[in-house]
Amino acid sequence: MEGKLSIAMEKQAFQTEVRQLLDIVIHAFYSDREVFVRELVSNASDACEKLRLKQLTESSIYQPERELRLSITTDEEKRTLTIADSGIGMTREEIVEYLGTIAHSGTKKFLEMAKEGQSGPQDLIGQFGVGFYSVFMAADTVEVCSRSWQPEATPVRWVSDGQDGYTLEEAPEDTPRGTTILIHLKEDAADFAKKNRVRYIVEKYSNFVSFPIDFNGEHLNTVQAIWMKNKKDVTAEEYNSFYHFIAHTDTDPMSYMHFSADAPIVLNSVLFVPAENPESMGFGRCEPQVSLYCHKVLIDGKPENLLPEWLRFLVGVVDSDDLPLNISREMLQDNSLLRKISGIITKRFIKHLEELAKADADKYESFWRQFSRFIKEGVVTSWEHKEALGKLLRFESTFTEPGKLTSFADYISRMKENQKAVYVLFGASRAQLENSPYLDALKQRGFEVAFFTEGGDQFVVDSLIKVDDKELQNISRANLDLPPLDDQPDSLSLDAEQAKSLTDWLTEAFKDKLSRVSTGDRTSSAPAIALQGQNDVSPEVKAYLKAMGQTVPESHPELVLNPSNPIIQKLAVLQSENPELAKLLADQVVNTSLLLAGMLDDPSALASCSQKLLEKLLHP
Ligand code: ADP
Ligand code: MG
């Protein structure tokens, strides 16, 4: 090489902008400077990819038989790192343009922001990256030897210390096709000449580069980026083993979704549902496990805002060519492209679950048993998807056998002609709900009631409000949309006068506890039923507010008496015959109803009125 130096060497100055940029890059202390390795490896991989495409259209290519590959070499003694590829290479003109000016739009933006001086240079390097020029964060000098794919091009050698400019000269005739970048590292960057350090960085960012990587003469195993392939060309085994690799496990996933789009955004993604809910194993809340890639090169292994929180159980990869490789964590926080990607993937995954439910109900059910909490969390937190998510909910009902699940769609298909709403009831267990006096009025009309028995369900149903335009009604509430019964059992009922006198008396006697007392057919088994006022917060929400130390709004329960019940009939008689006993009996009825409804704030009130009643009965 030396022999030729004096004859053909030419000195060129960097474009002013490049000089400014390099000045910032060299003098900035940037803790993440390992990213320069990623930049150079990604350029090398791009160069191979470009040559692969050239081979499809060009008939004459220099060294057509030369295999497309990357080669990375560390030399600790000489404090050098070399990154080479057998890709497309650069002609003299190209090198001048690409490595002497700023073409890269991200880099331009970087410079503009740096000039405006809004934030420190290190933040900016993190935000925009500076592509090839990032090498000067770690390099004293960089030598680039390149030979273009074009057979007649002369190989060229470019050398720079990243200060003012670079030298250009012809490279030896035996320079092979492609580009070799030899980096003489700064003293404080000697780390990047260490085998293990570099290997770690390459494996971190470039595991899925599609070309073989030679590392110090040894083949570095890369994994196929199956998400970039056509679905039809990937087998079930390949999906499974890819999942084993990225999830560090040897169990197969429960389900996977492979999704590609070209418009409006170039997007390739493979997402896996693990076999088990990771949060059910007591490890606490899981971190995001879907990594973000730009054309197979890692941008962020655990991006916080790529997918909504409730999808944190998913494992996989999202890859978009449209994202700048150097987008930083801070940028990811507020990036409209990322928000779009998130919306598209979320929608697509919901569709995947809908399809799964249709195609394989058993499999969907096992998904539901593991991951129902996440879907419910989605209903509550994700306004734009809640309707679709509502259709994915599963529950038991008065029409299902214990342990069997149903959906709102099935529920709606079974609705009676005169039924206007979808009826739901909340409680601790199916067994408890089955005994609930709230069911009476619905059973009598032949209406189905959906059971919700998990903590938080009240919030889920409250957020849903409607399914398929059918209102969701909590049957423990006061005003339900119920059609009248055809065959009222009047024979046993109170007459209108008795009913009025009884309800007037009770309304007055319990005005501190109840907002209204009436007779009706809301229960046929109990003497009376306590209902939540229409605008009251439910007992569950109340308990939550209390736990959070917030003020709990006052409730206005209503009481509906069952006029066919012997206790109520006796009460009507005692009201005038033995007012003292009647009051004790009424106390007992009211408190029991409130207790059953979960609305008795002080259960000891019930105990003391039971005692008084017993005493009275034993010693009249
Ligand atoms: P970007 O990769 O985003 O275009 P870079 O600063 O990383 O920006 O690189 C600038 C340009 O230099 C590339 O677009 C490419 O044309 C050229 N280049 C860089 N490295 C190589 C390489 N190894 N082989 C061929 N061309 C390269
Ligand atoms: Mg690049």
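1. Basis. This is a predicted model, in which local features need pLDDT of at least 70, side-chain atom pairs count only at pLDDT 80 or more, and totals for chains, interfaces and linings use all residues. Residues are numbered from 1 along each chain as its sequence is written, chains are lettered from A and ligands numbered from 1 in the order in which they are written, and side-chain values use heavy atoms, with hydrogens and water left out.

2. Domains. The protein is divided into domain 1 (10-219), domain 2 (226-370), domain 3 (393-474) and domain 4 (496-618). These bounds come from an automatic or database domain assignment. Taken over C-alpha atoms, the centres of domain 1 and domain 4 are 80 Å apart.

3. Helix H18. Helices (H or I, at least four residues) and strands (E, at least two) are DSSP runs, numbered from the N terminus. H18 spans residues 539-547, and its Val541, Lys542 and Leu545 are buried. Buried means under 20% relative accessible area, exposed over 50%, and partly exposed in between (1.4 Å probe, protein chains only). Viewed down the axis of H18, the buried residues fall within an arc of 105°, so they line one face of the helix. That arc is taken from the directions from the helix axis to the C-beta atoms.

4. Both sides of H18. What do the buried residues of H18 pack against? Their partner is helix H16 (457-464). Contact here means heavy atoms within 4.5 Å. The face turned away from the buried side carries the exposed residues Lys546 and Ala547. After H18 comes Gly549, with a positive phi near 75°.

5. Ser134. This residue sits in the loop between helix H6 (121-128) and strand S4 (139-147). Ser134 has 2% relative accessibility, so it counts as buried. A polar atom of its side chain lies 2.7 Å from the backbone oxygen of Gly131. For reference, a polar contact is a pair of N or O atoms within 3.5 Å; within protein, one must be able to donate a hydrogen and the other to accept it, and residues adjacent in sequence count only if both atoms are side-chain atoms. Leaving aside residues up to four places away in sequence, Ser134 touches Val25, Phe36 and Glu39.

6. Ala138. The loop between H6 and S4 also holds Ala138. Ala138 counts as buried because its relative accessibility is 0%. Not counting residues up to four places away in sequence, Ala138 touches Arg33, Phe36, His184, Leu185, Lys186, Ala189 and Phe192. Ala138 and Glu34 are 104 residues apart along the chain, with 8.6 Å between their C-alpha atoms.

7. The second largest pocket. It holds about 800 Å³ of space. Of its 26 lining residues, the closest to the centre are Phe245, Ile246, Ala247, His248 and Val315. Helix H7 (195-206), helix H8 (236-247), strand S12 (289-294) and strand S14 (315-319) each supply at least two lining residues. Which element gives the largest share of the lining? H8 does, with 4 residues. On a 1 Å grid over the protein atoms alone, a pocket is an open set of points where a 1.4 Å probe fits, with protein on both sides within 12 Å along at least five of seven lines; lining residues have an atom within 4 Å of a point. Grid points are joined across faces, edges and corners, and the volume is the space filled by probe spheres set on the points.

8. Backbone points to check. Most residues other than glycine have a negative phi, and most peptide bonds are trans. A cis peptide bond joins Ala263 and Pro264, with omega about -5°. Pro264 is in the loop between strand S10 (255-261) and strand S11 (267-273). His295 has a positive phi near 45° and is not a glycine. Lys296, also not a glycine, has a positive phi of about 75°. His295 lies in the loop between S12 and strand S13 (297-300), and Lys296 is found in the loop between S12 and S13. His295 is partly exposed at 28% relative accessible area, whereas Lys296 is buried at 13%.

9. Two further loop residues. Gly282, in the loop between S11 and S12, is exposed, with a relative accessible area of 64%. Its C-alpha atom is 26 Å from that of Lys546, 264 residues apart along the chain. Asn479 is in the loop between strand S19 (470-474) and helix H17 (496-509). Asn479 is partly exposed at 47%.
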